[in-house]
Amino acid sequence: MVHNDKLCGWINNIPLRTNIKTINKNEVSDYLIVGAGYTGLSAARKLAELHSNKKIIIVDAQLAGEGASGRNSGYLVDTTLNDGFTSNKKLENYKKKTDIYKLGINSIKKFISEYQVDCDWNEAGKYFASSKIEDKKILINFAKTLSKLGFEYNFFSQKELNEILGTNFYKLALYTKGGILLHPGKLVRAMIDTLPKKIKLYENSTLLSWNKNKDLISCKFKNANIITKKIIFCTNGFLKTLGIKTNYNFPLTLTASMTRPLSNDEFTSIGKPIEWGVLPVKPMGATVRMTKDRRILIRNTAEVFNPFEMKESEIKKRSINQYISIKKRFPKLPSDIIESSWSGVVSRTRNSSQIFEKIDKNIFVAGCYNGSGIGVGTLFGEQIAIKASNQHSTEIEFIEKRIKPTWLPPEPFLSIGVKTRLIFERLKARSEI
Ligand SMILES: Cc1cc2nc3c(=O)[nH]c(=O)nc-3n(C[C@H](O)[C@H](O)[C@H](O)COP(=O)(O)OP(=O)(O)OC[C@H]3O[C@@H](n4cnc5c(N)ncnc54)[C@H](O)[C@@H]3O)c2cc1C
């Protein structure tokens with residue numbers, strides 16, 4: 001069972017859902033989608049568009065949209081940081097990645113314009129910032145990559161950043177113009193609210209096991225079964241627990257905290273900055289955001305953890321560290337400023353590539369966005385629905401050109417390896433946490 005904590009500031013910031021249905025009688029379907037986050041909901045919407053007379057069911061172990069899709073930091077990215085490339089081949093592969101990000105942004109833009117969605121969309125760009133002047137080397141190399149691929153960027157000094165962000169913690173930053181900041185909870189809620197009526201959504205309905213029987217797939221839930229002709233797995237951080245691509249992905253648990261909205265005095269004391277988003281130069285550094293409604297969001301952990309739940313007492317420990325991180329950046333803010341802290345599960349692959357494939361006859365999977373799944377998840381959901389319908393698209397051609405995920409060792413070697421790497425990366429990033 002997936003039990004998420006009820007503490008997420010984004011989810012608690014939108015109205016409570018009603019009319020929740022749980023599966024309690026046997027069903028048959030043409031298409032069953034497992035997982036109702038950005039990926040699964042987009043797959044469902046696209047299937048409904050492609051097939052007017054097929055039976056489509058989507059299930060989720062918890063409430064729809066309350067997995068990583070409602071819990072993330074809300075950066076819809078056009079680029080992710082790299083430390084420069086030593087070969088044209090690598091540059092070409094990075095371009096393929098950014099082509100996919102661009103298609104992801106387009107998918108979301110299309111969705112929000114078609115359904116007039118308010119998700120606090122802000123084309124604010126993003127800052128790759130560091131408190132260590134030595135990191136300039138990394139940013140200069142990254143800038144060379146961006147120049148080659150035609151992305152716009154600027155460098156900012158500590159003084160400039162102090163004025164823009166309201167903190168003098170960062171010594172330098174590279175700003176990229178093309179990223180978007182949004183409210184992830186509002187976005188995924190809109191995807192739920194606009195699901196076509198013909199789709200059956202079952203929530204609090206965990207897929208316990210599944211097996212293929214000739215051309216059909218039998219799926220077992222606590223109080224019922226679904227027999228389906230085709231199945232699409234969109235469970236992202238929970239692919240491995242369902243036995244999907246087990247040697248190609250692994251879950252990581254992240255935690256984040258968000259402050260209450262700053263008071264007028266507090267906001268004035270940091271120079272009234274407009275909404276911004278900072279990403280770390282070192283992978284394990286903190287992601288920090290100032291939201292439209294003057295809250296500060298911080299995410300600074302990534303751990304190998306039991307993916308099913310993080311207890312409140314464990315979240316509390318991480319929340320204390322997140323308070324210290326906020327204090328480092330904004331020393332004038334009071335000690336009772338954090339309003340919510342929560343955990344969320346993401347899926348990783350070894351080489352940061354995504355999973356998008358038919359794994360067997362009538363069985364499809366899309367996931368593993370390595371922490372950048374808002375746009376890519378939405379895109380992959382739509383496109384896996386097209387693939388599962390035996391149709392083609394130019395987007396699928398782009399997706400299939402990407403580097404494929406590479407093999408990972410089995411347990412316990414995998415967890416030992418990942419934990420060691422995370423400790424090493426955390427040590428390297430200790431000033432940025
Ligand atoms: C703290 C945090 C910060 C992040 N920040 C960003 C960011 O700034 N930008 C960005 O692009 N991405 C970010 N991400 C990653 C992003 O949220 C994910 O890549 C994206 O939400 C994946 O969407 P999804 O629909 O594939 O998966 P999810 O939203 O995780 O949906 C999967 C669903 O599957 C369900 N499920 C699992 N097992 C079962 C089962 N057995 N039966 C039925 N249902 C099941 C789960 O309940 C869940 O709702 C962040 C993630 C976290 C946790």
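User: Which residues make the nonpolar surface patch of about 230 Å²?

Analyst: Happy to start there. This is a predicted model, in which local features need pLDDT of at least 70, side-chain atom pairs count only at pLDDT 80 or more, and totals for chains, interfaces and linings use all residues. Residues are numbered from 1 along each chain as its sequence is written, and side-chain values use heavy atoms, leaving out hydrogens and water. A patch is built from residues with over 30% relative accessible area and no salt bridge, with nonpolar side chains (Val, Leu, Ile, Met, Phe, Trp, Tyr) joined within 5 Å and like charges within 9 Å. A salt bridge puts a side-chain nitrogen of Lys or Arg within 4 Å of a carboxyl oxygen of Asp or Glu. Areas come from the Shrake-Rupley method with a 1.4 Å probe, and for residues only the protein chains shown count as cover. Here the patch is made by Val28, Leu216 and Ile227.

User: Is leucine 216 buried, partly exposed or exposed?

Analyst: Buried means under 20% relative accessible area, exposed over 50%, and partly exposed in between. Leucine 216 counts as partly exposed because its relative accessibility is 37%.

User: Which polar backbone atom lies 3.0 Å from a nitrogen atom of the ligand?

Analyst: A polar contact is a pair of N or O atoms within 3.5 Å; within protein, one must be able to donate a hydrogen and the other to accept it, and residues adjacent in sequence count only if both atoms are side-chain atoms. The atom you ask about belongs to glycine 371. A backbone N or O atom of leucine 207 is 2.9 Å from a ligand nitrogen, and a polar side-chain atom of asparagine 72 is 3.2 Å from a ligand oxygen. The protein covers 97% of the 1000 Å² of accessible area that the ligand has on its own.

Key
Buried < 20%, exposed > 50% of the residue type's maximum accessible area, 1.4 Å probe, protein only.
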